[in-house]
Amino acid sequence: MQEEGWLNINMDSHLLTKILILVSSLSAVYGCSCLEGHHQEDFCRAAYVIRGDVIDSNAPVPVLPAGHPQRSIIYTVRVKKVFKDNTHSISEGTVIHIETSSLCSVTLDKDGDYLLGGPGDANGLVVGLCDIATKWENIPKCQMNSLLNNLYNCGCEITTCTENQICKASIHSCKMAFHVKAVQNAYCARSKFRRRCHWKTCPSAQNIFRSYINVFER
């Protein structure tokens, strides 16, 4: 009886270990998933947005303040264009270091030309899985046009509504149906005369976007 009890405890221990491993794996997977949003939201949420060439990785990790989370990889990037810099620490033509978290990291190719953006402060710049890390050649035309012509208005909020909700426009926000891709070909801006936030379509997607507006914003 004692031997059977020991076997049961041992089996329970192995089962518990497997369950803990499974839960840990699932937590890692789902903990690093990102909700798909609009490229203007990504821009407005970021402390910095730049275009740059990755020239090296695994640069020396600086000494971080106590309690500051450690990060696994530091990329060395030569800045080609600054689109946004709330940190007041980035200049075009200079070399900067951008860290990526150990849990939800991004992988950047050496010599790659990237659009990068994410959190930043006096302690440095960060990019993660849910931030901006896209090769410049893969940037959609509307997003690139919005960046190059400074079209994003972060004073206009983009709010998401489901198909069961009525997507009515408001003065300070543009509505986005969660499952609709058409707004990726537009940006949210404030009109010059009525001072109302509304979707403005990129030229290449006017017909698609007009259909979207007719259905979801009446």
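I count Ala, Val, Leu, Ile, Met, Phe, Trp, Tyr, Cys and Pro as nonpolar, Asp, Glu, Lys and Arg as charged, and the others, Gly among them, as polar.

**Ground rules.** This is a predicted model, so to speak of local features I need pLDDT of at least 70, and side-chain atom pairs count only at pLDDT 80 or more, while totals for chains, interfaces and linings use all residues. Residues are numbered from 1 along each chain as its sequence is written, and side-chain values use heavy atoms, with hydrogens and water left out.

Entry 1: I work on a 1 Å grid over the protein atoms alone; a pocket is an open set of points where a 1.4 Å probe fits, with protein on both sides within 12 Å along at least five of seven lines. Lining residues have an atom within 4 Å of a point. Volume is the space filled by probe spheres set on the points, which are joined across faces, edges and corners.

I looked up the volume of the largest pocket and found about 440 Å³. Its lining has 23 residues. Nearest the centre lie L35, G37, H38, D42 and D131. Two elements give two or more residues to this lining: α2 (39–45) and β7 (132–135). I take helices (H or I, at least four residues) and strands (E, at least two) as DSSP runs, numbered from the N terminus. The largest share, four residues, comes from α2. By class, I note eleven nonpolar, seven polar and five charged residues in the lining of the largest pocket.

**Entry 2: the second largest pocket.** I read a volume of about 150 Å³ here. Eleven residues line the second largest pocket, and S89, I96, H97, G124 and L125 are the closest to its centre. β3 (95–101) and β6 (124–127) each give two or more residues to this lining. Which element gives the most? I find that β3 does, with three residues. The classes here are six nonpolar, three polar and two charged.

**Entry 3: positive phi.** Most residues other than glycine have a negative phi.

D111 is not a glycine, yet its phi is positive, about 70°. I place D111 in the loop between β3 and β4 (113–118). Is D111 buried or exposed? D111 is exposed (over 50% relative accessible area, with a 1.4 Å probe and protein chains only), at 62%.

N150 also has a positive phi, near 55°. I find N150 in the loop between α3 (141–148) and β8 (157–161). N150 is exposed, with a relative accessible area of 62%.

Definitions and conventions:
Buried means under 20% relative accessible area, exposed over 50%, partly exposed in between (1.4 Å probe, protein chains only).
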